[in-house]
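Have the sequence and the 3D view at hand, try each task yourself, and then follow the worked solution.

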Amino acid sequence: MSRLERQAVWNLDWILLTTTVLIAIIGIMSIYSATYLTSHRHFVERQSLYIIIGIMIAAGIVIVDYRRILPYQSLLFWFSIGLLLYLEIKGGVGGKVDRYLKIWILPTITPSEFLKFALILRVAHHFRGRQLADVKVRDFLSPIAGFFVGLGLILKQPDLGTALLLVPVFIAQIFIAGYDYKKILGIIILGSLVGFFTAQSVLKPYQYERLVGFTRQGENSQETGWQLRQSKVAIGSGGFWGRGYLNGTQAKLEFLPAKHTDFILAVFAEEWGFIGIFGLFSLYIVWLWRGLKIARMASGASGLLAVTGVCTLFALQFIINAGMIVGLLPITGITLPFMSYGGSSILTNMICLGVVLSVGVCRT
Amino acid sequence: MPIPEYGWNQEVADLIGASRRITGLFAFFALSALLIAMRFWFLQIVNQQYYLTLAETNRSRLLREPAFRGEICDRHGRILVNNQASYDLTLVLEDLGGVPLDEVLHRLCTLVNLDIEFARQKIKEVGYRVFQPVTIKRHLTFGELATIEAHKHELPGVDLSLRPRRAYRLQSLAANTLGYIGAITSNELKTLKEEGYYFDDLIGKMGLEKNLDQFLRGERGEKYVEVNAHGRVLKELYHPQAHPPVPGYRVYTTLDMELQQYIEGLMTQHAGVVIAQDPRNGEILALVNSPAFDPNIFSSGGGAALIQEISRNPHRPLRNRAIQDAYPPGSMFKIVMATAGLETDTIKERSGFSCSGTFFLGSHAFRCWKSGGHGTVSIHDAIRISCNVFFYNLGQRLGVNTIADYAQQFGFGRLTGIQLPYEFTGRVPDPRYLEERRKRLGFDWFPGDTVSLSIGQGEIAITPLQALNIATTIAGNGRRYVPRLVSKYIPPNKGEPIVVESTIDADLHLKPETITIIKKAMWAVVNDGGTATRVAVPGLNIAGKTGTAQVASQSKRNIPDDQLPERLRDHAWFVSFAPVDDPKLALIVLLNHGGKVGARKKLELAKEIYTFYLGRVDQSTPQLSGAAL
């Protein structure tokens, strides 16, 4: 066994890995509960396959070392951009949002999932070997350019949720990179104000409806209001102990929309109750804690920024997804990391995990 | 393999405070997670019961199953009205799944012929019952059924339900008597809610369907089912209140289908009313309104245009004119006058009045129909040849109050009590009416008014069913029965049949001489050179009396019928019974705007009815309960 391999086994964050696997298993169980009546084991089998492939890729990244992979970030970036362009020209599969792409016999893929990851790596790679003491805007003009290209294409879909997710991840990375936080705060406030006053004219009606509509939860005449109500009914009826595994009715009887993807947490909350939610939240907090711990010990700026980017992305996805199913945030198509059904989502999540683990293995 | 080295050390990282910033990020995320966890607490623990109830209402649904409406048969159990399988279009508001209602309705409109106003009205009545299917269109055609099936995925909340549809097997046969059904209106619902009616129900609107609704409608079933979000029923759930629907009672009417059909056949060319009754028990054997309508149009899709067309018909086929419209009885009233005169001993069999063709009251002249006069006539001849002057004289002796009293004894001016809705009382100049009339007109009843009344014109009006009382009262020797349409009700589930007994409407306790005189005279009307000799059938011994209800004003009375517009021609009456010594059938024939002379010829259809019925007879016993089973 070579020195590197021994180091890898020793330094590998087993807690992080275990947490991930636990969350993924909970996800598979919930997907089964939500879909077995209508689709038998189809979704469960697919999801398990994605997770296994994803973990294998993650292991590959740990073995190869993330620092050898980072230079290829532009390949991934332009690949994602290419897919998004192709999607823009050809048109996607169903839905109001052109989010899904079907090529040849491959499973449906979601290019924006890959782009999220590519942008994180792009920023991280840009700052490789740099001293982060006093970062100026001109220091990261290139990642800003890439960021806006990607953002523009995703807004064109128009996938408002993903676009709004990219911005804070990017800001968080710049924040960690050492850019003056007062200026960052200023940019956030300015951006919010501009967004607030231009939202109605710039956004498509249904998007605006979603943004403001979630405040009118009592009404069931609107699509999102109806989805939200069903989601709250599912969560609320779970109570403290839950209705028991496979005993939930909301998801099984198809009252819950997107039950195995965006609303998987509601399925879980119905059957496992508040106690289950408490446990699952703990798992995500542990994941974040371990992730950020690795960031602190990173052996270089690129590792630090890659891991903080990934952690921010997952934390935000978790918060937005959980927030939307309980009616605190507008309903957008944001998946729950490691739990929501979806090949692109799970694969990207696992690749991210691989990078984080690899940074941990190569720590100083 | 060399790992690329970056110019980096831990000190620099510490220096720039990356660690502190990371802690800041973690704190921000952890706080957000805590906030969301609190929200979960609020939903799952504070409000658990509320959402649990919602989840249950989501999943379980009370489904109302319509009962099979009872069948209606004729006296021998031949089916007149029953139910057929049919598909209705229903909508469950809760299953719209966020799609606006208007959009779904518009999509439906492009697919099928939908009365969108009716649908909107019904949906408005849904109120809080958002889980309940509401019927927005009934009785889809096969084409519509296929179209809806094919587009069902675009129509959230829309469903097809198999329901019984009312079928009037013989189309327009006895349509006004049987009636029809329709969707309950919000006004009807207001008064009937207490009796268990429901906003999506069908209810009888006319005829027996309306009056016997309580018997016919049966009891709606209720079952609890588990449904998915698309409203598809997955399985039935246990519920203590669940119960299957109970069909309505089967109603045996007193109608004789063959007789009804036969008379309707005779009446196709005429507008009018014919009622055939068994004078021995009051059973209505046939009740014909002509022109009629087909009640099936009310339960078929796209009937609106047909209904419009029917309601524009000047003869108003939707009205049951046998009970809803009243006309002056004309000379038929002479039977009532004769009864009054004989019973009050105002006249005797041998007393006579001289008819010179004109009767003078003061300076005012009232004419007999025969301008030369009849000479001295007895009561027998006065009825036989329908002498007006005789009855003018009799009327003056009796006075308006006695005449009105006897008119009431014959059942005029009040409801006959038949089980049909919207019956009209008609009008009799009784003291109360006279009082009311004085107040309205400001002057008194004149003796001249009594003169007109004596021959059944002027201020008296009776419905054809009341007119039939003239025959049944005399045929029954003064005793007559309430006209009756139902012979028995057969409960569902093999219960004991409820047999309807005949009830006596009135017994006038007439003197035997009175009955003999009038029967003889009425026999002579048909068989001994009277006014209806055309109707005579050897051996049947029909007794009757003709009458003319005046329509046009006095000034136009001398214009021949063929120069008068149809709506101004007189109505022709013929009331009769046979055989005279053992009456088995009483008949009233009214030919609307039949005219003065032509009508006499048309009244021959009475002869055909008697020949048909009495020729075939003796299969109909007075108490039919045994025969019908």
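Predicted model: local features only at pLDDT ≥ 70, side-chain atom pairs only at ≥ 80, totals over all residues.

**Exercise 1.** Which order do the strands of the open sheet of three strands in chain B have, and is the pairing parallel or antiparallel?

*Solution.* Residues are numbered from 1 along each chain as its sequence is written, chains are lettered from A and ligands numbered from 1 in the order in which they are written, and side-chain values use heavy atoms, with hydrogens and water left out.

Step 1: Find the strands (E, at least two residues) and helices (H or I, at least four), which are DSSP runs numbered from the N terminus. Two strands pair if DSSP finds at least two bridges between them.

Step 2: Read off the order, β1-β8-β9 of chain B, with antiparallel pairing.

Step 3: Look at the edges. β1 (60-65) and β9 (233-237) of chain B each have a single partner strand, so one side of each lacks a neighbour in the sheet.

Step 4: Check one pair. Six bridges join β1(B) to β8 (residues 221-227) of chain B, and Leu63(B) has Lys223(B) as its bridge partner in β8(B).

**Exercise 2.** Is Gln44(B) buried or exposed? Describe its surroundings.

*Solution.* Step 1: Locate Gln44(B) in helix α2 (residues 18-46) of chain B.

Step 1: Gln44(B) is buried, because its relative accessible area is 0%; buried means under 20%, exposed over 50%, partly exposed in between (1.4 Å probe, protein chains only).

Step 2: List contacts, meaning heavy atoms within 4.5 Å. Leaving aside neighbours within four places in sequence, Gln44(B) touches residues of chain A including Ile235(A), Phe240(A), Phe274(A) and Ile277(A).

Step 3: Find the backbone oxygen of Ile235(A), which lies 3.0 Å from a polar atom of the Gln44(B) side chain.

**Exercise 3.** What does the secondary structure of chain A come to?

*Solution.* Step 1: Count the elements: chain A has 14 helices and zero strands.

Step 1: Turn to burial: 58% of the 364 residues of chain A count as buried.

Step 2: Take the contacts in chain A between residues at least 6 apart in sequence; 72% of them join residues at least 24 apart.

Definitions and conventions: Polar contact = N/O pair within 3.5 Å; in protein donor to acceptor, adjacent residues only side chain to side chain.
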